[in-house]
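Visitor: I have a structure to go through with you. Can we start with where the chains meet?
Guide: Here is the entry.
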Amino acid sequence: MARRRRLASVGLHAALGTASLIAVFPVFWVLVTSFKPDARAVGTSPRLLDESTVDNYVRVLSGEKGDFLAWFGNSVQIAALTTVLSVFLSATTGYAVSRFRFPGKRSLMLSFLVVQMFPFAVLIVPLYDILLALGLQGTSLGLVLVYCTTAVPFCTYLLKGYFDTIPTDLDEAGRVDGLSPFGVFWRLILPLARPGLAVTAFYAFLTAWGEVAFASAFLSAADGSKTLAVGLQVFVQQNRTEWGHLAAASILVAVPAVVVFYLVQRHLVAGLSAGAVKG
Amino acid sequence: MAEVSYVKASRVYSGNPPVRAVDELSLDVPDGEFLVLVGPSGSGKSTALRMLAGLEDVDEGAIHIGGKDVTNVPPKGRDIAMVFQSYALYPHMTVAENMGFALKLRGVNKAEVRKKVEEAAGMLDLNKYLDRKPKALSGGQRQRVAMGRAIVREPSVFLMDEPLSNLDAKLRVETRANIAALQQRLGTTMIYVTHDQIEAMTMGHRVAVLKDGLLQQCDTPRALYDRPANAFVAGFMGSPAMNLKTVPLTSEGVKLDGLVVPLDRRALDRAAREGLREVTFGVRPESLALVPAHEYGMDMTVELVEELGADALVHGAVRIGNASERFVVRVDGRTPPALGNRVKVAVRGAGEIHLFHPESGLRLTD
């Protein structure tokens, strides 16, 4: 690689530093706020040090303001179920669309694209009706299905694109070697699509984890059945916002997302199918 | 081990008009034979092979392996092994796992699989690489792994789809000989697809030439070379290609420039019966020779000399009627004529002339 000129190097680092600061600062500020007493959370002269207590965390976790642990459990359950279901559905669909020719294939993919264009708000009423008819209104399973309606089309697109990059010669070699069509999918294609599956899983998880509108509309109003994103609203009241508690809860909410991302990113390696075919 | 037969097998792609990629192919391959399918791109040779593998539907006719009709049997039920042009190695498995995969699927116990894999690896000189992933191998090694994966299976038929086309020239010649020797040793029926007529000539017991989905001729390399059934086969087999020219017919023979090449009586009779005024005249470059200026021959102006070492190819122009036609002559490599020289060219012997029907391309000489 050619050496950069000193000035270019300085400029580049400055730009990158600024961008990183812009990205990281809000999170950092939330973290700082989460350790401050409520009264000092929004001061005119904010200070970084000497105000650290874990009171906010203790209060949030003790359930003083609402059953935080129950919300947490609900969110984990719903997000996990959404992730598993949409990865499974979109992987099988994506593979079928990538490999097989069947009538209606084009319109199927087109419809997947079209459904992404509707804003959530428009969908709430019809989805509510459908869930009511299915007897799933107010249940976690109902909400999982609703999340799948957004996650599956997008993930299918994503995975179809990924499967397309895996040479079909591999499918054929597998079939000649004695695999059934499902065996080819399970033992050859899925292991090679790990990066695609990882991204898909993460996307599906996030779809369910941070979502507020559907969760508040479709889950029952009982405190114990809320998800985290809905529950956080108790800290924001009409006249008063409990910044310290909100910040502490937010940090706690972010932790699982970070964990999932950490688990997933190990699979984000390029070139898994390198060496399959002479390229 | 088994014999293979195509019984009027066709692959038709729907469309308007429908494309007959393989058109009523009938071919019997006896047990243990090395058959090469050769043809230009789009001739249907790969499709024919894939039909045998079960990767392509057979729309009409049937395919038999070992006397059993397998037309509607999925690939895994056909007891075949295939080597792909791209090798199609499983990238997430090691070389040993790649080679043993089919046996593992069949439920063969681990020790047995390991033994067979090591045996095949020994044959192919792959022992050192058994624990590597395909991406850590060179092109030639990958090709051998693909071969090994087929050998380990001990199938009744080997199918090879242009397995050498991704190798460099030197390695290709080497591997070509290895594959032929391997087939000899294993005695397994092999169907081998290539577009390279040299591979076809050197490897096959018999060679089937395809064009536009139609079988042109299937015979031993020698017979294909000496008695091509039509002008296409004549032009396709042999390098450099046979000189094929459409020339006027006289009562004695064909007329080239000043030279009248006398023809076999029976060929002339046959041409006369068909009422032909012209014929397609074919003569291989090595059947032409340079002769001294005072002898009977056609005048040629040398336009290009390709020196190959042992011999040289002289390309030149000859006037036939009002047109200038190019001929290639194979001459001794040590004394080639120079560029721009005028030389005399004659046909070595009447037996080395091929005559074809100018329209149908069918052979007229015996």
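Guide: The contact draws 20 residues from chain A and 25 residues from chain B, where two residues are in contact if their C-beta atoms, placed from the backbone, lie within 7 Å. This is a predicted model, in which local features need pLDDT of at least 70 and side-chain atom pairs count only at pLDDT 80 or more, while totals for chains, interfaces and linings use all residues. Residues are numbered from 1 along each chain as its sequence is written, and chains are lettered from A and ligands numbered from 1 in the order in which they are written.

Visitor: Take L170(A), in helix α8 of chain A. What does L170(A) touch?
Guide: Leaving out residues up to four places away in sequence, L170(A) touches L188(A), A276(A), A88(B) and Y90(B).

Visitor: Why is L170(A) called buried?
Guide: L170(A) has 22 other C-beta atoms within 10 Å. A residue is buried if 20 or more other C-beta atoms lie within 10 Å of its own, exposed if 12 or fewer, and partly exposed in between, with C-beta atoms placed from the backbone.

Visitor: Staying in chain A, how do α4(A) and α10(A) cross?
Guide: The axes of α4 (residues 68-99) and α10 (residues 194-209) of chain A come within 8 Å and cross at roughly 140 degrees. Axes are lines fitted to C-alpha atoms, for helices over the stretch in contact, and angles run from 0 to 180 degrees between N-to-C directions. The pair is therefore oblique: angles under 35 degrees count as roughly parallel, over 145 as roughly antiparallel, 65 to 115 as roughly perpendicular and the rest as oblique.

Visitor: What residues are in that contact, by class?
Guide: The contact of α4(A) with α10(A) has 10 nonpolar, seven polar and no charged residues. Among them are S75(A) and I78(A) in α4(A), and L197(A) and T200(A) in α10(A).

Visitor: Over to chain B. How many helices and strands?
Guide: Chain B has nine helices and 20 strands. Of its 366 residues, 42% count as buried.

Visitor: What is the strand order in the open sheet of four?
Guide: The order is β2-β1-β4-β5 (chain B), with antiparallel pairing; two strands pair if DSSP finds at least two bridges between them. β2 (19-29) and β5 (68-69) of chain B are at the edges with a single partner strand each, so one side of each has no neighbour in the sheet.

Visitor: Which helix packs on that sheet?
Guide: Helix α1 (residues 45-53) of chain B does, touching β1, β2 and β4 (60-65) of chain B. The direction of α1(B) makes about 65 degrees with that of β2(B).

Visitor: How many residues of α1(B) are buried?
Guide: Nine of its nine residues are buried. After α1(B) comes G54(B), whose phi is positive, near 90 degrees.

Definitions and conventions: Helices (H or I, at least four residues) and strands (E, at least two) are DSSP runs, numbered from the N terminus. Ala, Val, Leu, Ile, Met, Phe, Trp, Tyr, Cys and Pro count as nonpolar, Asp, Glu, Lys and Arg as charged, and the others, Gly among them, as polar.
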